[in-house]
Amino acid sequence: MRKSLIASLALLLATSTAAFAAGASDNVVKIGILNDQSGVYADFGGKSSVEAAKMAVEDFGGKVLGVPIEIVDADHQNKPDIASNIARQWYDQDKVDAIMELTTSSVALAVQAIAKEKKKIDIVTGAATTDLTGKQCSPYGFHWAYDTHALAVGTGGALVKQGGDTWFFLTADYAFGYSLEQQTSDFVKSSGGKVLGSVRHPLSTNDFSSFLLQAQSSGAKVMALPMPVSIPRMPSSRRRNSASPRGPASGGAALYARRSSWPRPAGGSRLDVDRRLLLESR
């Protein structure tokens, strides 16, 4: 589904640029796919999204009003500074007309700011922070995806209604994690629940032992993990397919309910989650 979304947006952009195609930079409508091709979100988009965009251009006929459409791509490595340098080079030197995907919220925010400065188009399909359409909104930016508000209201609301009224957050230390934690915390509190604590972990960490101990000692009924689904490697001897750390997509947040079924931080203990909701986001 995600690959088809990228393809559809490539077609949308090609259509929307028809009005200025005759004056396109270098007589080419150039679209840049800037995403994670080597890190935690590589399976979520990566090279497959690039190929999807190329297929969309091919299906469209390869041209708009007689002007050829070209796809370029790069790996931002989930680093805003690298993404910013690529975006500036693309806009200033390589005559890229629009940048798309932008996996990872911190990257999306950085590139959207540059696109706004340059008065260029950016279309975000790989990030979820509400800041993209909130305090850092741009007249040239499009957020073609869910956001952390929707995720917080949907999942947070469902768990509070089912008795999950005390929460502890184990949050990925970057823009998406901050946004989802804040949005969910606000909704939980407004629904009568309480947030007993939170701790942040590096985006690429594989060791959650100390964080799990803090969560368990809080006594919270719900441990919320605003993080990429592909990151957690909780100790376990067996897992239900529906509760696999990789989840249905390599990106998202996992919310564990029922404190008795939490994974233990050490040893070959069982991860048997009675209720786990996967939120597909970045």
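Residues count as buried under 20% relative accessible area, as exposed over 50%, and as partly exposed in between, with a 1.4 Å probe and protein chains only. By this scale Glu51 is partly exposed, with a relative accessible area of 42%. The structure is a predicted model, in which local features need pLDDT of at least 70, side-chain atom pairs count only at pLDDT 80 or more, and totals for chains, interfaces and linings use all residues. Residues are numbered from 1 along each chain as its sequence is written, and side-chain values use heavy atoms, with hydrogens and water left out.

In one of them Glu51 pairs with Lys54, the closest N and O atoms being 3.9 Å apart. Helices (H or I, at least four residues) and strands (E, at least two) are DSSP runs, numbered from the N terminus. Because Lys54 and Glu51 are 3 residues apart in helix H2 (residues 46–60), about one helical turn separates them. Lys54 is also partly exposed, at a relative accessible area of 35%.

Two packed helices are described by the angle between their axes and the distance between the axes. Here axes are lines fitted to C-alpha atoms, for helices over the stretch in contact, and angles run from 0 to 180 degrees between N-to-C directions. For helix H3 (residues 80–92) and helix H4 (residues 105–118), the axes come within 9 Å and cross at roughly 30 degrees. Angles under 35 degrees count as roughly parallel, over 145 as roughly antiparallel, 65 to 115 as roughly perpendicular and the rest as oblique; H3 and H4 are therefore roughly parallel to each other. Contact means heavy atoms within 4.5 Å, and residues making it include Ala83, Ala87 and Tyr91 of H3 together with Val107, Val111 and Ile114 of H4. By class, this contact has 9 nonpolar, 2 polar and 4 charged residues, where Ala, Val, Leu, Ile, Met, Phe, Trp, Tyr, Cys and Pro count as nonpolar, Asp, Glu, Lys and Arg as charged, and the others, Gly among them, as polar.

Asp92 forms a salt bridge with Lys118, with the closest N and O atoms 3.0 Å apart. Asp92 lies in H3 and Lys118 in H4, so the pair ties together parts that are 26 residues apart in sequence. Lys118 meets Glu117 as well, in a salt bridge of 3.8 Å, N to O. Arg88, Asp92, Glu117 and Lys118 are linked in a network of salt bridges.

The contact of H5 with H6 has 8 nonpolar, 7 polar and no charged residues.

How values were computed: A salt bridge is a side-chain nitrogen of Lys or Arg within 4 Å of a carboxyl oxygen of Asp or Glu.
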